[in-house]
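Student: I have just opened this one and would like a guided look around. Could you take me through it step by step?

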Amino acid sequence: MPTPSPQASPRALLDTLRAGTPLSGFPADAVERARPFAAEPASAPPALVESLPEPLALALLEGSVQAGQPALAEALAGSAHKPLAKAAKKALYQLRSRGVTLAPPTRPTPAEPVRSSAPAPESFPALLTSIDGTGERVLELARPLRGGGLEAIQVLYSDEHGVTRLQVNDMSRADYRRAVKQATAPGSQTAVELPQAEARERLAQAAGLNVSTGTPFPPGLDAVLRHLEVKPQDKPLEIPPPEPEDERLAAEAHALHDEEEMRGWLPPLSELERLSHTVAELRASPLALTPAQRNAEILQAAHAQARAFFSAPRMRQLFASRLWEMGLHFERLGQERPARLARAEARRLTHGPPDAPSRFAERLYEKALLVTLAHRMESTSSPSRERGEGPESPRSAPPSPPGERRSPGGIILP
């Protein structure tokens with residue numbers, strides 16, 4: 001019996017599939033997939049039928065018509081293969097003519113009208129200043145009010161005590177945008193913008209420091225935390241291990257004191273007082289030294305005090321965290337070099353040996369020495385000092401202009 005050609009009628013191909021006769025005109029795998037369904041074509045999966053060569057698919061479709069089963073034809077009537085879809089529709093016509101009950105045509109579900117989603121609420125950035133020499137900085141957040149305005153929340157917080165001052169003002173959205181633009185303008189007190197999520201996280205950590213140190217909340221902070229859905233967190237800053245270039249960069253970290261944001265950094269007041277006492281003792285020494293030798297002796301004493309101060313683990317960690325935050329601040333301002341210097345010194349202070357020399361620390365005390373010497377010169381030359389009036393603190397800042405607010409560390413509050 002000759003093998004039917006690929007052009008044979010669907011009925012002849014169906015008979016050949018049922019008889020198990022080889023079909024040489026088709027891929028062997030296609031024939032093997034079609035043959036099991038030749039006896040009951042109506043059970044053939046539509047997807048399988050679509051994947052067969054067209055003559056074999058038409059043969060199985062013919063078998064389903066012979067059996068009076070419309071399911072395969074109904075499924076293939078919507079096929080993307082146009083000849084197969086046309087043959088399936090013809091098969092449905094034949095079945096309907098023979099009185100076979102067909103499933104009612106499926107009507108396309110009308111597409112639901114696209115509802116215009118409500119506009120997302122406008123997001124207002126938060127503001128964060130750099131850290132001053134006492135570890136203080138200002139965080140400002142905006143909370144939209146139902147009436148259309150904003151609640152501007154200013155938080156002064158310290159890396160040693162947490163939130164120390166709070167101020168809440170109602171303002172228009174336009175005024176807040178102007179305040180953001182002014183606060184982020186270039187200058188020594190430039191603030192950076194923060195996403196609201198990060199600002200809330202920082203507020204949570206600051207309030208957590210209040211709790212851990214026993215520092216009382218300023219009035220109104222409880223309400224602010226509740227409105228912003230912020231809970232105090234105790235999450236210490238983790239500084240990663242040193243990197244290969246840190247040693248070279250840390251040797252240049254004294255240059256950080258030339259940056260506008262860090263020129264006001266000084267050791268604590270107690271250290272300034274100790275340094276002033278040391279300078280007084282060295283100047284009163286009976287040793288016969290030239291002015292240059294005396295100055296070298298004073299500078300050496302300042303460096304020794306710097307090493308002693310930074311050998312304490314708590315102080316090293318405190319200044320490391322401040323430098324790490326300054327690195328992030330410089331990075332956000334686009335100042336790559338000071339950012340790298342600050343982070344390198346922060347990693348060195350955190351993970352390096354406590355007795356390792358630090359040019360950053362030495363320069364910090366060199367600035368303190370200049371302040372101390374300037375204060376001594378002022379004390380000896382001022383007539384008011386001769387009359388016995390108390391000396392002015394070397395950390396005191398010039399009086400603020402009218403209307404200007406400063407933190408205890410001297411930063412201008414936005």
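**A walk through the model**

Tutor: Gladly, and please keep in mind that this is a predicted model.

Student: Which residue stands opposite Gln167 in S4?

Tutor: That is Gln154.

Student: What order do the strands of the open sheet come in?

Tutor: The sheet is made of five strands in the order S4-S3-S2-S1-S5, with antiparallel pairing. Strand S4 (162-171) and strand S5 (192-194) are at the edges and have a single partner strand each, so one side of each is left without a neighbour in the sheet. On average, neighbouring strands of this sheet are turned by 20 degrees against each other, direction ignored.

Student: Which helix packs on the sheet?

Tutor: Helix H13, residues 313-332, does so, touching strand S1 (126-128), strand S2 (136-144) and S5, and its direction makes about 100 degrees with that of S5.

Student: Okay, new topic: which residues have the most contacts inside the largest nonpolar core?

Tutor: That core has 37 residues, and those with the most contacts inside it are Leu256, Met262, Trp265, Phe310, Phe319, Leu323 and Phe360. Helix H11 (269-283), helix H12 (291-310), H13, helix H14 (336-351) and helix H15 (359-381) each supply at least two of its residues, and H13 gives the most, with eight residues.

Student: And what is Leu323 in contact with?

Tutor: Leaving aside neighbours within four places in sequence, Leu323 is in contact with Leu256, Met262, Trp265, Ala342, Glu345, Ala346, Leu349 and Phe360. There is also a second, separate core of 29 residues, which includes Leu14, Ala44, Leu56 and Leu92.

Student: Which others in H8 are buried?

Tutor: Among them are Glu198, Ala199, Arg202, Leu203 and Asn210.

Student: How far apart are the end C-alpha atoms of H8?

Tutor: They are 26 Å apart, and because the 18 residues of helix H8 (residues 196-213) should span 26 Å at 1.5 Å a residue, the two values agree.

Student: What follows H8?

Tutor: Gly214 follows H8, and the phi of Gly214 is positive, near 75 degrees.

Technical notes
Residues numbered from 1 in each chain as written. Predicted model: local features only at pLDDT ≥ 70, side-chain atom pairs only at ≥ 80, totals over all residues. Heavy atoms only, no water. Pairing = 2+ DSSP bridges. Helix = DSSP H or I, 4+ residues; strand = E, 2+ residues; numbered from the N terminus. Axes fitted to C-alpha atoms, helices over the stretch in contact; angles between N-to-C directions. Contact = heavy atoms within 4.5 Å. Expected span 1.5 Å × (residues − 1). Buried < 20%, exposed > 50% of the residue type's maximum accessible area, 1.4 Å probe, protein only. Core = buried A, V, L, I, M, F, W, Y, C linked by side-chain atoms within 4.5 Å.
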